[in-house]
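Hi everyone, thanks for making the time today. I'd like to walk you through one model, so please have a look at it while I talk.

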Amino acid sequence: MKSSYRLLSALLAGSTVAIPTVYLAGDSTMAVGGGGTGTEGWGVFLPYSLQGVTVVNKAIAGRSARSYTDEGRFTTLINSVVPGDFVIIEFGHNDGGSLTPTDNGRSDCLGAGLETCTTAAGVVVQTYVTYLTNAALSLIEKGASVIISSPTPDNPCETGTCTYTPNRFTGYCQDVVANASSHSAFVDHGQYTANEFISLGVTVVDSYYPIDHTHTSPIGATVVAAQFVKGLLCGGSPLASHVKNSTSSIPGKCI
Ligand SMILES: *[C@@H]1O[C@H](CO)[C@@H](O)[C@H](O)[C@H]1NC(C)=O
Ligand SMILES: *[C@@H]1O[C@H](CO)[C@@H](O)[C@H](O)[C@H]1NC(C)=O
């Protein structure tokens, strides 16, 4: 009795069971405080659906795959993760746009492969797929599991009729997962959210976008977060085992 008590105490004291961290890397649609003016990012609401993990939201408004890389933010994440951690990466809203005549420091070189572009100032810019593949491979090398998530939709009901066509970043996300292969998974967050928004209809969805067609209200962000969780449960990431909710409890269908 006494020795088994001692054994138990030793186990409790010596082997602290590590709780994995879920890091979020993305832009304002995921970040704390969203795009300002009362909007909110969906990453703020993700922790309510997870258990047995700590969520650290490293999303920053205005960032793209390129600027998040250039500012050393992926390097910081790569240095922070330990085996068993998760990293959810979602970019796209600031990655479009042209590199000429003026480079805003965020636009990527167009393409899904190893293409590079050189700006007027002589800066060599890589593709979205290259930036995210490099980040994913380094994170996986450190023992993390990576989830590449397609960008949230711009208000799919803004014309008065709800409709959604994925932009090129959705395909790029699938290319990143194909490049990074094992220990990475794809969540088509844009499509899951759009499907739910289309079923909610124009009046509700317009109310979720109080300032523009990109940034959601806090209530809108809870729906966007729920649809990420739905995609996680329907797809193949090991993070799904940390979800509190059943797949059928979240609106929508698996795609
Ligand atoms: C990613 O895959 C594309 C083809 O889909 C390939 O052209 C490219 O070299 C890969 N990128 C990296 C960084 O491995
Ligand atoms: C999952 O369940 C928790 C309560 O246990 C709730 O707070 C959360 O909103 C739920 N998430 C979704 C996506 O329904």
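This is a predicted model: local features need pLDDT of at least 70, side-chain atom pairs count only at pLDDT 80 or more; totals for chains, interfaces and linings use all residues.

Residues are numbered from 1 along each chain as its sequence is written, chains are lettered from A and ligands numbered from 1 in the order in which they are written, and side-chain values use heavy atoms, with hydrogens and water left out.

Now to the ligands. By those classes, the shell around ligand 2 divides into three nonpolar residues, two polar and one charged. Which residues surround ligand 2? They are Tyr-48, Ser-49, Ala-226, Lys-244, Asn-245 and Ile-250, where a residue is near a molecule if one of its heavy atoms lies within 4 Å of it. A nitrogen atom of ligand 2 sits 2.8 Å from an N or O atom in the side chain of Ser-49, and an oxygen atom of ligand 2 is 2.4 Å from an N or O atom in the side chain of Asn-245. On its own, ligand 2 has 360 Å² of accessible area, and the protein covers 52% of this; such areas come from the Shrake-Rupley method with a 1.4 Å probe, and for residues only the protein chains shown count as cover.

Ligand 1 has Ala-112, Gly-113, Leu-114, Thr-133, Asn-134 and Asn-179 around it. From an oxygen atom of ligand 1 to a polar side-chain atom of Asn-179, the distance is 2.3 Å. Taken alone, ligand 1 exposes 370 Å², of which the protein buries 59%. Its shell has two nonpolar and four polar residues, with no charged ones.

Next, the protein itself, beginning with a helix. Helix H3 spans residues 73-80, and its buried residues are Phe-74, Leu-77 and Ile-78. Why are they on the same side of H3? Because they cover an arc of only 100° around the axis, the arc being that of the directions from the helix axis to the C-beta atoms. Their cover includes strand E1 (21-26), helix H2 (65-70), strand E3 (86-90) and helix H4 (128-141).

I just said "buried": that means under 20% relative accessible area, with exposed over 50% and partly exposed in between (1.4 Å probe, protein chains only). Contact, or touching, means heavy atoms within 4.5 Å.

Take Thr-152, in the loop between strand E6 (145-149) and helix H5 (168-180). At a relative accessible area of 7%, Thr-152 is buried. Leaving out residues up to four places away in sequence, Thr-152 touches Thr-29, Trp-42, Glu-90, His-93, His-189, Gly-190 and Val-224. With the side chain of His-93, the Thr-152 side chain makes a polar contact of 2.8 Å. (A polar contact is a pair of N or O atoms within 3.5 Å; within protein, one must be able to donate a hydrogen and the other to accept it, and residues adjacent in sequence count only if both atoms are side-chain atoms.)

Leu-50 is in the loop between E1 and E2, and Leu-50 is buried too, with a relative accessible area of 7%. Among its contacts beyond four places in sequence are Val-22, Val-55 and Lys-244. Val-55, in strand E2, is partly exposed at 22%.

Finally, some backbone details. Most residues other than glycine have a negative phi, and most peptide bonds are trans. Thr-37, in the loop between E1 and strand E2 (54-57), has a positive phi of about 50° and counts as exposed at 68% relative accessibility. Ser-181 has a positive phi of about 45°; you'll find Ser-181 in the loop between H5 and strand E7 (184-187), partly exposed at 42%. Where is the cis peptide bond with omega of about -5°? That bond joins Thr-100 and Pro-101, and Pro-101 lies in the loop between E3 and strand E4 (116-118).

Conventions. Helices (H or I, at least four residues) and strands (E, at least two) are DSSP runs, numbered from the N terminus. Ala, Val, Leu, Ile, Met, Phe, Trp, Tyr, Cys and Pro count as nonpolar, Asp, Glu, Lys and Arg as charged, and the others, Gly among them, as polar.
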